[in-house]
Amino acid sequence: MKRILIVDDESAFTRLLRLTLESTGQFQVEELNDGLRAVEVARAFMPDIIFLDVVMPEIDGGDVASKIQADPELAGIPIVFLTAIVSPKEAGNETDIGGFPFLAKPVSVEAIKKVVEAHCA
Amino acid sequence: MTKIADSVTVPRTTQTVRLLVIEPEGSAPRLRDLVDHLVGHGFRIIHEFPNVAAADAALERETADLVLADVGEDGLHGLAQLAAQPALGGYVPFIVIDHSSREDVALHALHIGAQDYLVKGKLTPPRLERSMRWSLERARIERELKKDSDLLRALLDYVPDKIYFKDRHSRFLRVSASVSDWLKAGDPAGLIGKSDFNYYTPEHAEATFADEQRVIENGQRIVGKINQRTLPDGRTEWSSTTKLPLRDRHGRIVGTFGVTRDLTELKELEIELAEERNRLSAANAELSTALEKLRVVHEDLHNVQLQLIEAEKLKSIGRLAAGVAHEVKNPLAIISMGAEFLSGKYGGDETTAEVLKELADAVTRADDVIKGLLDFSAPRRVELHAHDLNAIIRSAVQLVRGEIRGDAHKVDLDLAEIPEVLVDRGKVSQVFVNLFTNALQAMPEGGTLSVRTRAEQITGVGANIGGERSEVFQVGDQVVVAEVADTGPGIPPEMLGRVFEPFFTTKPTGKGTGLGMSVVRSIMNLQHGTVVMRNRDTGGAVATLTFKAKDIS
C-alpha cells in the first residue's frame, strides 16, 4: 500500500482527496494543511510520494520542496505539485515546475493514481 | 446767311471779318475803297500799313482774320518780306495783290502760302469778296487739317510705342520719334526711304518683311503678335506688334503701318511671377506631402494608442484571470474531488450517479472557462519552425472529432500544394481547433465545414493587400492562405467588427467562453499572420488566415 502525503492549505480538498484515495483501498494518506510542519510530518510518516500545493500562506510549495530535499532522510522522496495557478496549456509544453512534475487543479483521482504509479514503481 | 447775289447763297459767319491791309502809298485803286463797298457784307478794315515791316506788331498780335497784301512794284521783294513773317500763312491767311498779272509773282505767292493772287486793275468788290470768302474757308479747312496733323504729330513725337508707316517695299514712310530714338537714327525724317534691313539683323528684317508682305498681299491684320528676340548683349527682348494694311483713298493697299510695344519689362515680370508661382506650388506640394505624412503618422499613433489600450486591457484581464483562476480552481478542485468521492461511495444508485456526473460536468465547464481565460491572457512565447500547414490542419480535424456528427456534418478538405510556413505548431493547431469548433457549433443542425489552402503572392492589387494584410505583408511576399468556412447562418453584419473582442460571443451561456476568436487573433498576430472574418455571399461565415511562407532562399 503506497503512502501518500498531501500538503495543501485547503483542508476541504485534502480531506476529500484523502477519503477518495483511501476508499480505493490502495493508499494510505496523511493530510497536512500547514506547510511549515511538512518536514516534521514527513519524517514521522515517511511517505512514498508527496503532493504539494504551490500557493500557501506563510510558506509556498517551492520552499517546502527545497526543505524536504535538503533533509537527508527525505531527499529521495518524489514530489509532485498540485496547483490552481497554471493550466498545462498556459505552461506551454512544459511538464514541470522548477524541475518537479505538476498536476493542475481540479484534479481527478485517476490522474493522481497515474502519477503515483509512474513515480513509485 | 446773307444774300450776296441773287442766285448764290454761301455760308458766312455772322461776325464781321477783320481785315489787315498792307498797301504802299499812292497805289491805286485803293483797297479801302473796294472794301468800303463790302462793309454791308461783313468786312471791315481794322489796320492799314504801308509795308510789311510796319505791320509787324499787329500781325504778331493776330487780331486780324485776313491780310490783304499789296506787294507793290517789286513784287518778289514784297513776297520775300511776307514770307519772313511767321504769323502769316500758318495762322493768319493772306491774299497777295499785284498791280499787273505776273506769272513768277503769282507762283511764288502761292508757294509761300498765299490763299489767292489777285490783280488790282481787274479787281471789283464782288470778286474781292469771293476771293476773301474762299480764302477764309480754305484757311479754316487748313486749320482743321492742321489740328489732325498736330494730333498725329503728338502721337508720333511722344508715344513710347514705336509707330511706323511703310510702303509696299517695307520702306519707312514715316516713323515716330520713338523708332528713331530706338535705332539711334536722329531725326525721324532721316529714316524715310530706309527699311529694317538698314538697322536690324537679316533674320529679323526678313521675318518682318515677310509679315508685312503678307499684310499687303491679303490685307490681313496682325494683331498683338508677340515677338521674342535675342539682343546682341544676350538679353531677350519681348514685344507685341500690331500691323495693318495702309490704304489709299481708293482703298488700295499701298503699304503697312504698325505699332510695336516693348514688353520686355512686362515679360520679365511675368516670368518672375511664373517662377514665383512655381515655387509657391512646389512649396504647396511639399506642404501637402508633409500634411499627408502627418496624417499617416497621426493615424499610426492613433492605432498604436488603440493597441496600447487593448494591450492594457488584456494585461488587466491577465491579472484578473490569474487571481480568479486561483480562487476558483481550489473550490472547483474540492467540488470535483467531492463528486469523485461520492460517486465511489454512492455510484451504485443510478440517480445519484447522474447527479454526480452533472456535478463533474459543471466543474469541467467552469474549468474550461478559466483555462480559456488563462490561455488568452498568458504571456506568450512562440517557437517558430517550418511546418506543413496542411498536416497541422489534418491533425486539428482529428482533435475536434468529438464535435463532428457523422450523419449531419461533412468535412471538406481542399488542401493545395503549399510551401512550408514558419509557425508555432501547437499554437496554430489551437487556432484551427478554435475555428473548427466555432464552425461546427454554428451548424447544430448539420452542414459542411470546408477548409482550403493555397499559395499566393501579395500583389498589392485590390483586396489582396487590403484590410489587415497590408499592415503585415509587403508587396511581393509569398504567403499561404487558409480558409475555414461553414454553412451556418453567418455573423450578423453589425457584429462582424466585434468577433475578435474578448468575451464576445453569440453562443448561449455555457456554450462558449467568448475567448476562442480572440485567442485566434492574438496567436495569428504573434506569428505575423493575419485573420479576417467575413460572411460568404453563398451563406455562412469564412475565416481567412494568411501566413508568411518560409523563405526558400
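Tutor: Let's begin with a term: a strand is a DSSP run of E with at least two residues, while a helix is a run of H or I with at least four, numbered from the N terminus. The model we are looking at is predicted.

Student: Where is B:S170 found, then?

Tutor: B:S170 is in the loop between β8 (162-167) and β9 (172-175) of chain B.

Student: Why is B:S170 called buried?

Tutor: Buried means under 20% relative accessible area. B:S170 has 4%, so it counts as buried. Its phi is positive, about 65 degrees, although B:S170 is not a glycine.

Student: What makes B:K184 count as exposed?

Tutor: The cut-off for exposed is over 50%. B:K184 has 74% relative accessibility, so it is exposed. B:K184 is not a glycine either, and has a positive phi of about 55 degrees. Look for B:K184 in the loop between α6 (177-183) and α7 (202-218) of chain B.

Student: Now the sheet in chain B. Why are β9 and β10 said to stand at the edges?

Tutor: The open sheet has five strands in the order β9-β8-β12-β11-β10, with antiparallel pairing. β9 and β10 (222-230) each have a single partner strand, so one side of each is left without a neighbour in the sheet. From one strand to the next, the twist averages 25 degrees.

Student: What makes β10(B) and β11(B) a pair?

Tutor: Two strands pair if DSSP finds at least two bridges between them. β10(B) and β11 (residues 236-247) have seven bridges, so they pair, and in the antiparallel sense. Among the details, B:Q228 has B:W238 in β11(B) as its bridge partner.

Student: Which helix lies across β8, β10, β11 and β12 of chain B?

Tutor: That is α7(B), which runs at about 130 degrees to β12 (253-262) of chain B.

Student: Over to chain A. Why do the buried residues of α2(A) line one face of the helix?

Tutor: In α2 (residues 38-45) of chain A, the buried residues are A:A38, A:V41, A:A42 and A:F45. Seen down the axis of α2(A), they fall within an arc of 100 degrees, so they line one face. An α-helix has 3.6 residues a turn, so residues three or four places apart point the same way.

Student: What covers the buried residues of α2(A)?

Tutor: The cover includes β1 (2-7), β2 (27-32) and α3 (61-70) of chain A. After α2(A) comes A:M46, with a positive phi near 50 degrees.

Student: Which two residues does a cis peptide bond join in chain A?

Tutor: A:K105 and A:P106, with omega about -5 degrees. A:P106 is in the loop between β6 (100-104) and α4 (109-119) of chain A.

Student: One more: which residues touch the most other members of the largest nonpolar core?

Tutor: This core has 38 residues, and those touching the most other members are B:L389, B:F432, B:L435, B:F436, B:M533, B:L545 and B:F547. α11(B) gives the largest share, eight residues.

Student: What is B:F547 in contact with, leaving aside its neighbours within four places in sequence?

Tutor: Contact means heavy atoms within 4.5 Å. The residues in contact with B:F547 on that basis include B:L389, B:V421, B:F432, B:Q478 and B:M524.

Note on methods:
Residues numbered from 1 in each chain as written. Chains lettered and ligands numbered in written order. Predicted model: local features only at pLDDT ≥ 70, side-chain atom pairs only at ≥ 80, totals over all residues. Heavy atoms only, no water. Buried < 20%, exposed > 50% of the residue type's maximum accessible area, 1.4 Å probe, protein only. Arc of directions from axis to C-beta. Core = buried A, V, L, I, M, F, W, Y, C linked by side-chain atoms within 4.5 Å. Axes fitted to C-alpha atoms, helices over the stretch in contact; angles between N-to-C directions.
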